[in-house]
Amino acid sequence: MINAYRAGIPGNGKAFPEGSKIVKIEWARTPNPASPYAVQVPGALKSVSFIEKDSKRFPDTSGWGYAQFLYDAASDTFKPYGSDASFGKKVCYECHTRVKAQDYIFTKYPRR
């Protein structure tokens, strides 16, 4: 995925290659108490999300498969977000169609 970003995908009009994967770790933002000015740092873990490009496994969602797991701090476990296997298609993919021109991926690779 990183090599694809470095090659200019999706900004160059090309799609991400098969096997591309993204993991998103979502934390609650919290102020850094050691900083003399406003700096936000990760606080409590909220969720972990996965996206994988596999056109054979996920033909109904333009080749992308989605999964999200919510973190439960009380039990120190992850629980699937969504009630059934169609969740990725109904919720995740529906939202990702907003960025169809970016091969359904919101995240852009920043220039270094």
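What do the buried residues of α2 pack against? They sit against β2 and β3, with contact meaning heavy atoms within 4.5 Å. This is a predicted model, where local features need pLDDT of at least 70, side-chain atom pairs count only at pLDDT 80 or more, and totals for chains, interfaces and linings use all residues. Residues are numbered from 1 along each chain as its sequence is written, and side-chain values use heavy atoms, leaving out hydrogens and water.

**View A. The two faces of helix α2 (residues 87-96).** Phe87, Gly88, Cys92, Tyr93 and His96 are its buried residues (buried is under 20% relative accessible area, exposed over 50%, partly exposed in between; 1.4 Å probe, protein chains only). They span an arc of only 130 degrees around the axis, so they end up on the same side of α2; the arc is taken from the directions from the helix axis to the C-beta atoms. On the face turned away from that buried side you'll find exposed Lys90 and Glu94. Helices (H or I, at least four residues) and strands (E, at least two) are DSSP runs, numbered from the N terminus.

**View B. The hairpin of β3 and β4.** Strand β3 (residues 64-72) pairs with β4 (residues 77-80) in the antiparallel sense, over four bridges; pairing takes at least two DSSP bridges. Phe69 stands opposite Pro80 in β4. Four residues lie between the strands, and Asp76 takes a positive phi near 55 degrees.

**View C. Phe50 in strand β2 (residues 40-53).** With a relative accessible area of 37%, Phe50 counts as partly exposed.
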